[in-house]
Amino acid sequence: MTGSGVYVYAIVPAGAAIPSGTTGVGSPPAPLRPVRDGKLTAVVSDAPGQLRARRRDLLAHQDVLLRLSDGGPVLPMRFGAVAPDEESVRAQLAGSQSEHLATLRNLDGAVEINLKAFPAQDALAAVVAEEKNVRRLREAVRRRPDYEANVRLGEAVAAALSRRAADAGKKLLHRLTPLARAAAAGPEVHGCALNVSFLVDRSGSDAFRAVVRSFADGHREHVDLRVAGPLPCYSFVPSHGRRPSVAGV
C-alpha cells in the first residue's frame with residue numbers, strides 16, 4: 001500500500017488513555033493520537049508512505065492493541081486499515097456508536113485465546129497398537145512389500161492420526177466451552193484438525209490455559225495442541241456481518 005491517510009488501530013471508549021511511549025507502524029514509528037466522536041475514540045496515526053506486512057509493522061500493530069487492552073475493552077482493527085482522513089474516521093464512529101459501544105461492553109474484561117489441534121507427532125507406535133486397520137496393512141507390507149502397499153499404509157496412518165486429533169480436539173472443546181464467554185471457529189489451516197478461538201475473562205485466562213496444558217499432557221499420543229494468547233479479540237468483533245470497518249479502508 002502506498003500513499004497517505006490515517007492508519008486506524010482500534011476503537012476504544014472515549015476517555016481511554018493511550019499508554020505512554022506506545023508508537024505505531026512506519027519507520028520511524030508514527031506517534032499515536034486519538035480521534036474522538038461522542039462516546040468513542042479511534043486510536044490512529046499518520047499512515048506510512050509505503051505500508052507492507054513487514055514483521056516490524058505487524059508487531060507494532062499488535063503491540064498497540066495489547067497495550068490498549070491492558071486499560072480496558074478494545075475493538076481491534078486488522079493490520080492495514082487506512083482511512084482517507086480524520087473526518088472519515090469520525091463519520092464512521094458517529095454512524096456506528098450504538099453498535100460499537102455494545103461490542104465494547106461485550107469485550108470488557110475479556111481476551112481472545114486461540115487453540116489449534118494438530119495430529120500428534122511421533123505417535124506411530126500408539127497408532128499401530130490401537131488401530132486394527134493400520135496393524136493389518138503393516139503386516140501386509142511385511143509379508144509382501146511393494147509400492148502400493150506402502151502407499152495404502154501411509155494413507156491409513158495419516159487418516160488415523162488426523163481422526164485421533166479431531167476426536168481429542170472435540171473432547172477438549174467440550175471441556176473448554178463452559179469456561180469461555182463465547183467460541184468462534186477459525187479458518188481452515190492445512191493439517192489442522194481444529195482451529196477455535198475463545199472469548200475468555202482476562203482474570204480466568206491462566207486457569208483456561210492450565211486446562212489446555214493438562215489435557216495436552218494426558219493426550220500426547222493423540223493430539224498436538226498449540227495455544228496463542230491472550231490476543232486482541234479479533235474473532236468476536238461483528239460489524240455488518242463480521243468485522244468492524246472504517247470508512248475509506
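Beyond its neighbours within four places in sequence, Asn114 is in contact (heavy atoms within 4.5 Å) with Asn195, Val196, Ser197, Arg226, Val227, Ala228 and Leu231. This is a predicted model, in which local features need pLDDT of at least 70 and side-chain atom pairs count only at pLDDT 80 or more, while totals for chains, interfaces and linings use all residues. Residues are numbered from 1 along each chain as its sequence is written, and side-chain values use heavy atoms, with hydrogens and water left out.

**Salt bridges**
- With a salt bridge taken as a side-chain nitrogen of Lys or Arg within 4 Å of a carboxyl oxygen of Asp or Glu, the count comes to 10.
- Asp70 pairs in this way with Arg202, their closest N and O atoms being 3.7 Å apart.
- Asp70 is in the loop between helix H1 (55-69) and strand E4 (75-76), and Arg202 is in the loop between strand E8 (194-201) and helix H7 (205-218), so the pair ties together parts 132 residues apart in sequence.
- Glu87 forms a salt bridge with Arg90, with 2.9 Å between the closest N and O atoms.
- A network of salt bridges links Arg33, Asp46, Glu86, Glu87 and Arg90.

**Confidence**
- The average pLDDT (the predictor's confidence in each residue, from 0 to 100) is 85 for the protein, and 90% of the residues score at least 70.
- Over residues 240-249 the pLDDT stays under 50.
- Where pLDDT is low, the predicted coordinates should not be read in detail.

Note on methods. Helices (H or I, at least four residues) and strands (E, at least two) are DSSP runs, numbered from the N terminus.
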